[in-house]
Structures are given as structure tokens and as C-alpha cells.
Amino acid sequence: MTHARAQIREAIATRLSGLTTTGTRVFQSRLRPLADADLPCLLVFCIQEDLDYSGLDYPRRQRRQVQIEIKAVVKQTASLDDELDGIAAEIEFALAGSLTAVTLGGLLKELTLGITAIDFDAGLEKPVGIATLTYVGTYLTLENAPGVLL
Amino acid sequence: MVDFAAHTARIINRLGQPVTLTPAGGPARVVNAVFSARPETVLLVGGYLPTLRVAAASAAGLKAGDAVAVGANNYTIADIDDDSLDSGDVVYQLQAA
């Protein structure tokens, strides 16, 4: 059984694939170091989930809020912040440009952008920059069917 | 007393390769220096950290932002670890130009 959370992560990665700057370089839960050929790219992680229960009868309904981190990674000699902001704009439009986008085609009740954090490091032959956009996706399941989105 | 600066300069001269240093506003000069590029990973990204070890006497006038050419590769000085008073050398962290 595929967990609903995995379906959501897959749907986000699919929606982000093909953006102007990062193209098809979208990686889920990747931990291996990125090579130059992988860049610029997006990384998608589900990092935490909070649950509330409702109802007294079995199975209870679960309202889940999953935190999804999308990291835009760039390595170049100039305009790192402009590049990261441009990618962030592409991500934000892809995930909020329509009602279908905001609900991931009906998988989510709501998708909201909470925090954008930007980090730089000059410890390589070219500077590296990462913009991390943290989204919160809200969805419903039953406790005995974590793979079925309500 | 050991003359570390002279000792270090001899080692660098023996182990090094010709590199071109171009201080801002000054003429380019070729000196022997030890170039290394060790693999590093920062912020999930793999690459290498290029550094150049130069004898203190050859490092005069170099500042961050100055140009360095090693073979066909061009760099700028990103950071400076000046140990000229003790060991007699200066290590420059480089970035691709």
C-alpha cells in the first residue's frame, strides 16, 4: 500500500517537473551529493506530519498536515540570489497558479507556503545557493486506510 | 634558529607548478605554487575546493578578488589564510572565474 503522503510527494514532484529553470531535474528524498550535471535542480522532502483525530467510532478520521520541503539548488559564479528567487517564483506559480494546483488535483484540501529560507556557501569552486520553500499540505484519511485520501 | 620562510619556499618551489598571479592594477607574474583541489560537499552539492599555497615572498600584494591562472583554468581569490609570519606561506582559497 502506498501511503497518502508518498502520493502527495510524488504529485508535487510531478507538478514541479518541467519548470523553466530546473527542467526535469527534480529529485525526491535524495541524500547523495549533487553533481554539476544535476544542477540547477529541485529536491522534494516530506519532513514532518501532524495529525488530529475526529469522531468516536472506528475508524476515526485523521486530519493530517504534512510539511513538504522543496529545495532549489544552484551552483554558479554570479547572481545566485536572482536565480534562486526566479526558481522560487516558478515553484510558487506551479503550486498555486490554479485551484487544481493548490489541491494537487484533488489530493489535498489545502496547500500553503509557510516559510522560504535562503542559504549560501562559498566552500566550493563555485558558490552554492539553496532556497528552501516549506509548504504545508492538509489532507484527510481514515486511520485504517492511510493510503486512501478522502 | 630555523628560517622557516626559506625552508617553506624551497618546498613550495620543488613541489609546485607555475601559476600566474595578477594583482588588481598590477602586472601578471609567474611563480611556483602548490595547487590542490580536494573533493568537498556543501549544502548537498558536490564539487572541489581549489586552494593555492604560495611562498610568502611570492604572495606580496595579492588580495581577495585578484586573478589566478593555473594551466588553462582561471580563478579569483576568495579567501586568504596568511601564515607568512610563522610557516612562511600563504594559502588562498580560489573560486572559478
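## The interface between the chains

Begin by displaying chain A and chain B together: about 1,400 Å² is buried between them, and carbon and sulfur atoms give 66% of that area. Buried area here is the accessible area (1.4 Å probe) that two parts lose on being put together, summed over both. Within chain A, select A:Leu34, A:Leu124 and A:Glu125, which supply 40% of the area that chain A buries against chain B, more than any other three residues.

This is a predicted model, in which local features need pLDDT of at least 70 and side-chain atom pairs count only at pLDDT 80 or more, while totals for chains, interfaces and linings use all residues. Residues are numbered from 1 along each chain as its sequence is written, chains are lettered from A and ligands numbered from 1 in the order in which they are written, and side-chain values use heavy atoms, with hydrogens and water left out.

Next, select the residues in contact (heavy atoms within 4.5 Å): chain A contributes 21 residues and chain B contributes 15 residues. Across this interface the rule finds seven residue pairs in polar contact, both residues being at pLDDT 80 or more. A polar contact is a pair of N or O atoms within 3.5 Å; within protein, one must be able to donate a hydrogen and the other to accept it, and residues adjacent in sequence count only if both atoms are side-chain atoms. Zero salt bridges are found between chain A and chain B, a salt bridge being a side-chain nitrogen of Lys or Arg within 4 Å of a carboxyl oxygen of Asp or Glu.

## Helix α1 of chain A

Select residues 4-16 of chain A, helix α1. Helices (H or I, at least four residues) and strands (E, at least two) are DSSP runs, numbered from the N terminus. The end C-alpha atoms of the helix are 18 Å apart, in agreement with the 18 Å that its 13 residues should span at 1.5 Å a residue; the expected span is 1.5 Å times one less than the number of residues.

Which residues of α1(A) are buried? They are A:Ala4, A:Ala6, A:Ile8, A:Arg9, A:Ala11, A:Ile12, A:Ala13 and A:Leu16, where buried means under 20% relative accessible area, exposed over 50%, and partly exposed in between (1.4 Å probe, protein chains only). To see what these residues pack against, display β1 (26-28), β2 (41-54), β3 (61-75), α2 (80-96) and β5 (128-142) of chain A. After the helix comes A:Gly18, with a positive phi near 100°.

Now step back to A:His3, in the segment before α1 of chain A. A:His3 is partly exposed, at a relative accessible area of 23%. A polar atom of its side chain lies 2.9 Å from the backbone nitrogen of A:Arg5. Beyond its neighbours within four places in sequence, A:His3 contacts A:Glu49, A:Arg64, A:Tyr139, A:Pro146 and A:Gly147.

## Salt bridges

Two of the residues just listed lead to the next stop. A:Arg64 and A:Glu49 form a salt bridge, with their closest N and O atoms 2.7 Å apart. Because A:Arg64 lies in strand β3 of chain A and A:Glu49 in strand β2 of chain A, the pair ties together parts that are 15 residues apart in sequence. A:Arg64 is buried at 6% relative accessible area, and A:Glu49 is buried at 17%.

Then select A:Asp38 and A:Arg30, a salt bridge whose closest N and O atoms are 3.1 Å apart. Both are buried: A:Asp38 has a relative accessible area of 16%, and A:Arg30 one of 12%. Over all chains, the structure holds 10 salt bridges.

## Strand β6 of chain B

Finish with residues 89-96 of chain B, strand β6, in which eight of eight residues are buried. On one face are B:Asp89, B:Val91, B:Gln93 and B:Gln95; on the other are B:Val90, B:Tyr92, B:Leu94 and B:Ala96.

Strand β3 (residues 45-55) of chain B runs antiparallel to β6(B) and is joined to it by five bridges; strands pair if DSSP finds at least two bridges between them. B:Thr51 has B:Gln93 as its bridge partner in β6(B). Strand β5 (residues 73-83) of chain B is also antiparallel to β6(B), with eight bridges joining the two, and there B:Tyr75 is partnered by B:Ala96. Finally, select the turn of the hairpin formed by β5(B) and β6(B): five residues lie between the strands, and B:Gly88 has a positive phi of about 85°.
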